[in-house]
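The sequence and structure come first, and the notes follow.

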Amino acid sequence: MMSAAVYYNLTTYRPDAVDVAIARKAKVSSLPDWLEVNLYYYTDKRFELGIETVANGKNHFRIYDIEKTVVDIVFYREEGWCRGNKRDSYQLSKEKR
């Protein structure tokens with residue numbers, strides 16, 4: 001979420017981690033050691049809504065559009081993640097299920 005906010009210049013905050021949204025039923029077998037990743041589990045409907053593919057040179061990546069990013073910021077603001085709360089993002093995503 002904050003990664004998309006940075007991409008769209010909605011914030012000057014630079015997070016220490018990359019936020020990654022995945023489908024609720026998806027399994028993550030491993031994460032890289034060299035990069036901190038915050039996982040957010042979404043229902044299938046919420047996960048698919050607002051995704052677009054962005055090309056950056058030869059690289060392509062999927063990111064939520066600016067509207068979905070703003071909605072997520074508002075949706076999760078009470079959880080404290082956008083205020084620098086150190087609570088585990090995996091736990092936050094489980095609470096929203």
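**Overview**

The protein exposes about 6800 Å², and carbon and sulfur atoms supply 52% of that area (accessible areas come from the Shrake-Rupley method with a 1.4 Å probe; for residues, only the protein chains shown count as cover). This is a predicted model, in which local features need pLDDT of at least 70 and side-chain atom pairs count only at pLDDT 80 or more, while totals for chains, interfaces and linings use all residues. Residues are numbered from 1 along each chain as its sequence is written, and side-chain values use heavy atoms, with hydrogens and water left out.

**Fold**

- The protein has four helices and four strands (DSSP runs numbered from the N terminus: helices are H or I with at least four residues, strands are E with at least two).
- Along the sequence the pattern is α-β-β-α-β-β-α-α.
- Of the 97 residues, 33% count as buried (under 20% relative accessible area, with exposed over 50% and partly exposed in between; 1.4 Å probe, protein chains only).
- Among contacts (heavy atoms within 4.5 Å) between residues at least 6 apart in sequence, 36% join residues at least 24 apart.

**Helix 3**

- In helix 3 (residues 66-76), the buried residues are Lys68, Thr69, Asp72 and Tyr76.
- Seen down the helix axis, these buried residues fall within an arc of 100°, so they line one face of helix 3 (the arc is that of the directions from the helix axis to the C-beta atoms).
- Their cover includes helix 1 (2-7), strand 2 (37-42), helix 2 (44-48) and strand 4 (59-64).

**Arg62**

- Arg62 lies in strand 4 and counts as exposed, at 53% relative accessibility.
- Beyond its neighbours within four places in sequence, Arg62 contacts Phe47, Glu48, Ile51, Glu52 and Thr53.
- Arg62 and Ile51 are eleven residues apart along the chain, and their C-alpha atoms are separated by 6.4 Å.
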